[in-house]
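This report looks at one strand and its pairing partners, and then at the nonpolar core. The sequence and structure are shown here.

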Amino acid sequence: MLFLQLPLLAVVLPGSDNVYAVQEDVSFHLIQISSFFNRSWAQNQGSGWLDEIQTHGWESESGKIIFLHTWSKGNFSNEEMTDLEVLFRFYLIGLIREVQEHASKLQMEYPFEIQVNTGCVMHHRESSEYYFRVAFEGLDLLSFQNTSWVPSPEGGSRAQKACDLLNPYDGIKETVQRLGSSTCPRFFLGLLDAGKTYLQRQVRPEAWLSSSPSPSSGQLLLVCHVSGFYPKSIWVMWMRGKEEQLGTRQDDTLPNADGTWYLRVTLDVATEEAAGLSCRVRHSSLGDQDIILYWGRRLSMTLIFLAVIVPAILLTALVLWLKRRW
């Protein structure tokens with residue numbers, strides 16, 4: 001039956017009283033995507049995430065956990081991680097078999113995908129909340145609440161049938177409860193502790209400006225690019241003097257390959273009003289020294305030196321050369 005291997009997890013991974021100073025809501029969660037192409041071909045993908053930092057992957061061919069950081073094992077021993085790896089492997093094999101067996105009854109037509117999102121959220125230092133949600137083709141199907149599987153309203157009759165198949169298995173439900181109350185928080189806090197040097201690092205942003213013609217006639221789209229910063233939280237605003245420009249638009253903050261972040265902030269203005277605007281960047285790595293980039297108004301001292309002094313030197317050299325010739 002689906003998730004029959006879960007009771008073994010509670011035996012291998014007991015709870016712990018480990019404590020870590022969590023300052024805000026953070027989460028650790030696993031994402032599983034199972035693609036069913038036909039009755040005999042299916043594939044699983046998996047990943048682990050500490051908030052928006054990917055910590056683990058899953059090698060589907062060999063059935064092995066991929067550790068993306070040196071601290072991705074948290075405080076679990078090699079033996080515990082090996083046991084987890086074996087259990088996940090059997091769980092995924094069983095999942096494929098059971099879904100294929102009940103696909104017709106659950107009105108699942110090939111090809112289709114099942115998504116699982118499970119993990120725990122730590123609320124400051126006070127409590128943790130565990131969740132286990134299952135989706136079919138991107139739509140919520142069911143979730144585990146309190147002591148049973150509950151169908152999602154948008155899942156319709158398929159969701160109810162899936163819950164009817166799962167709820168008679170008390171061992172599965174007891175295991176999910178134990179995973180939520182002990183295993184997930186234990187691993188989560190160990191991961192935070194092991195990775196604190198990486199998670200608490202500060203990386204200064206780099207910023208630059210660009211522009212492009214706006215779709216509106218006579219308008220200019222000013223773009224402030226900020227990249228390479230960590231942590232993710234940042235404040236970027238187009239300014240005129242000390243006045244924030246209300247037309248500032250901020251795109252989604254996107255990850256870079258090295259674990260830092262990139263942000264693009266734009267402002268659509270009349271071409272003749274662009275002069276005097278600036279982009280201001282505030283980030284924890286900068287302390288109280290904000291980055292301020294001016295649009296078409298101020299040149300750096302280096303550029304001023306080059307523009308004034310270098311031509312003067314060249315002119316003097318030319319005069320001396322001409323005197324010698326004469």
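## The β14–β15 hairpin

In this predicted model, strands β14 and β15 form a hairpin with 5 residues between them. G259, in the turn, has a positive phi of about 90 degrees. β14 covers residues 254-255 and runs antiparallel to β15, to which 2 bridges join it. Within this pairing, L254 stands opposite Y262 of β15.

## Other partners of β15

Strand β10 (residues 219-229) is also antiparallel to β15, and 10 bridges join the two. L220 has V269 in β15 as its bridge partner.

Strand β13 (residues 249-250) is joined to β15 by 2 bridges, again in antiparallel orientation. Here Q250 stands opposite V265 of β15.

## The nonpolar core

The largest nonpolar core has 66 residues, and W149, V236 and W238 have the most contacts inside it. Helix α4 (residues 170-194) gives the most to this core, with 8 residues. Domain 1 (27-200) and domain 2 (206-301) both give residues to the core, which therefore lies between them.

Leaving aside residues up to four places away in sequence, V236 touches C224, V226, Q250, L263, V265, C279, R280 and V281.

Terms used
Residues are numbered from 1 along each chain as its sequence is written. This is a predicted model: local features need pLDDT of at least 70, side-chain atom pairs count only at pLDDT 80 or more; totals for chains, interfaces and linings use all residues. Side-chain values use heavy atoms; hydrogens and water are left out. A nonpolar core is a set of buried Ala, Val, Leu, Ile, Met, Phe, Trp, Tyr and Cys residues joined through side-chain atoms within 4.5 Å. Buried means under 20% relative accessible area, exposed over 50%, partly exposed in between (1.4 Å probe, protein chains only). Helices (H or I, at least four residues) and strands (E, at least two) are DSSP runs, numbered from the N terminus. Domain bounds come from an automatic or database domain assignment. Contact means heavy atoms within 4.5 Å. Two strands pair if DSSP finds at least two bridges between them.
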